[in-house]
Amino acid sequence: MQMLVLTLDLCGTFAFALGGAMEGVRRRLDVFGVLVVAFVASSFGGIVRDLLIGAVPPAALLDWRYLAVSLAAGLMAFFCSSLIERLRSPARVLDAVGLAFFCVAGAEKALAFGLGPLMAALLGMLTGIGGGIVRDVLLAQVPAVLRSELYALAALAGAGIVVAGELLRLPPVLFAIAGALACFCLRMTAIRRGWKLPTAGGPGDPPA
Amino acid sequence: MQMLVLTLDLCGTFAFALGGAMEGVRRRLDVFGVLVVAFVASSFGGIVRDLLIGAVPPAALLDWRYLAVSLAAGLMAFFCSSLIERLRSPARVLDAVGLAFFCVAGAEKALAFGLGPLMAALLGMLTGIGGGIVRDVLLAQVPAVLRSELYALAALAGAGIVVAGELLRLPPVLFAIAGALACFCLRMTAIRRGWKLPTAGGPGDPPA
Amino acid sequence: MQMLVLTLDLCGTFAFALGGAMEGVRRRLDVFGVLVVAFVASSFGGIVRDLLIGAVPPAALLDWRYLAVSLAAGLMAFFCSSLIERLRSPARVLDAVGLAFFCVAGAEKALAFGLGPLMAALLGMLTGIGGGIVRDVLLAQVPAVLRSELYALAALAGAGIVVAGELLRLPPVLFAIAGALACFCLRMTAIRRGWKLPTAGGPGDPPA
């Protein structure tokens with residue numbers, strides 16, 4: 001079980017780092033900049049969560065494996081960017097896996113540190129989306145997560161299921177799996193069908 | 001008294017969240033993005049202050065009422081944006097009320113955690129302006145607070161009065177009221193008269 | 001020795017604050033905005049490091065001298081910006097001195113708080129480059145440090161030498177000096193020769 005969790009966690013880290021590094025390559029950062037964006041995209045959500053609940057130093061700074069996986073993903077994106085551009089579809093699946101695992105792990109950790117159910121669900125969501133937000137802030141663009149297909153809502157749903165299981169005192173493993181599955185399926189379906197949340201003023205208006 | 005403080009605090013949160021959400025609507029974020037910006041704009045100043053003084057988890061994550069008020073303001077902005085655009089003037093008054101209360105509350109909390117007078121005044125200011133700064137960073141624009149009419153200076157004045165009262169060992173309630181009033185009046189007068197701080201190179205130069 | 005360290009630290013703070021304030025002046029911020037950017041550029045790297053290792057309140061908020069030096073540099077930049085523009089070359093030397101000292105001091109502090117060697121080196125680097133990153137984020141541009149001449153790599157080299165000395169249990173003062181010198185020389189040589197890290201797709205491609 002412990003092994004499975006670690007594997008999933010590192011898969012999520014890898015997926016997020018790869019996505020962040022690709023963005024950095026597209027914006028013509030140098031190799032160091034690409035590695036920084038890869039690390040930030042994969043770890044910042046967890047780091048902010050750990051700062052907010054008082055778990056310092058954050059886990060991402062204590063375990064070297066997260067850094068190693070981020071850097072490996074960053075170097076891959078740097079040297080094989082044209083190859084990875086063609087593999088968009090598997091990268092999206094991996095990203096959804098990362099989101100699913102991070103939202104569940106974030107909610108579990110917030111509950112373990114004694115936060116209330118509402119805030120634990122929100123911190124789970126933040127763990128999933130925080131890295132992407134800071135990645136976009138570093139690249140001086142409005143975070144995609146504030147506009148794209150049900151991204152944050154899928155993370156919130158996954159984290160919410162974990163918290164619901166805790167409230168009902170049911171076995172946490174089951175609800176962790178259910179939460180991760182719900183997040184993953186919701187996100188994949190949203191991508192496939194192009195589901196978007198509404199914007200104010202109706203979907204037909206031109207962007208300002 | 002406790003009731004009054006809570007009411008003022010929630011008014012400030014509401015005003016800041018409304019302003020943040022309006023910005024999000026203008027930038028065509030989806031409904032979730034608008035809610036995130038509303039929460040960030042209203043709570044980030046206090047969250048950063050709490051992180052800096054070591055008060056974790058931050059108050060804004062422990063008390064659900066702040067979140068509820070932020071989300072209510074965000075939904076209002078999302079569904080009634082055209083109405084609110086017309087109510088600009090009351091929104092500005094509300095925003096100045098929020099600023100006044102936040103700078104006083106921030107300075108009081110920093111003093112209570114043992115920071116020196118200079119830093120307590122600066123943290124009071126940060127509590128007032130931090131949310132607006134992060135709101136603008138998320139929307140990929142230079143924070144308005146770094147350029148607009150005596151915004152941060154009004155917050156600093158209010159926080160400074162609170163700290164001065166503490167240094168002189170005078171009754172804190174009186175100085176809290178005086179600080180809030182000073183901040184509010186300074187900000188409102190600056191808006192009405194168009195007072196601005198100078199920029200380098202003289203006020204007549206074209207912006208770069 | 002203590003005196004030397006403090007002097008160097010304040011020199012670094014001054015150099016970073018001056019650079020940040022010049023950027024603010026160029027972007028037409030008002031005098032308050034310029035001071036905020038000066039303080040952020042000089043102190044944010046250290047503040048983030050202190051948050052991550054749990055040293056709250058951060059040192060930059062406890063010692064008023066850092067703030068005083070930042071504000072002095074900010075005011076100088078505001079009132080004498082045309083003079084300073086002509087002194088570009090000494091400003092760059094001062095900036096490299098600041099980087100050299102900050103990366104060494106950051107690594108030492110992280111080691112003192114019990115972080116592992118890898119993370120101590122990274123936190124040393126972060127202390128050096130963090131202020132510049134946040135300065136650029138506030139000004140809504142992609143951080144220069146992610147693209148410029150061996151900036152972060154020089155900081156990482158300096159911090160790495162400090163950590164290596166600690167691992168080998170050799171006298172820390174010697175390795176602190178060696179680390180600072182290595183960082184300074186690497187950075188100055190990179191500026192003089194225009195050394196840059198590669199970007200993906202070859203150096204000849206046009207930026208996107």
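Predicted model: local features only at pLDDT ≥ 70, side-chain atom pairs only at ≥ 80, totals over all residues.
**Exercise 1.** Describe the span, bend and burial of helix 7 of chain A.

*Solution.* 
1. Take the limits: helix 7 of chain A covers residues 117–138, which is 22 residues.
2. Compare the spans. From first to last C-alpha the helix reaches 31 Å, close to the 32 Å expected at 1.5 Å a residue.
3. Look for a bend. Helix 7 of chain A bends by about 45° at I129(A).
4. Count buried residues, taking buried as under 20% relative accessible area. In helix 7 of chain A, 18 of the 22 residues are buried, so the helix is largely enclosed by the rest of the structure.
5. Check what comes just after the helix: A140(A) has a positive phi of about 60°.

**Exercise 2.** Characterise the interface of chain A and chain C by its residues, its buried area and its polar pairs.

*Solution.* 
1. Count residues in contact: chain A supplies 25 and chain C supplies 29.
2. Take the area. The two chains bury about 2300 Å² between them, with 75% of it on carbon and sulfur atoms.
3. Find the main contributors in chain A. R28(A), F32(A) and L61(A) lose the most area to chain C, together 32% of what that side buries.
4. Assign the chain A side to elements. Those giving two or more residues are helix 1 (2–26), helix 2 (31–53), helix 3 (59–62), helix 4 (64–79) and helix 7 of chain A. Helix 2 of chain A gives the most, with 7 residues.

Methods. Residues numbered from 1 in each chain as written. Chains lettered and ligands numbered in written order. Heavy atoms only, no water. Helix = DSSP H or I, 4+ residues; strand = E, 2+ residues; numbered from the N terminus. Expected span 1.5 Å × (residues − 1). Bend = angle between axes of the 7 residues up to and from the residue. Buried < 20%, exposed > 50% of the residue type's maximum accessible area, 1.4 Å probe, protein only. Contact = heavy atoms within 4.5 Å. Buried area = accessible area lost by both parts, 1.4 Å probe. Polar contact = N/O pair within 3.5 Å; in protein donor to acceptor, adjacent residues only side chain to side chain.
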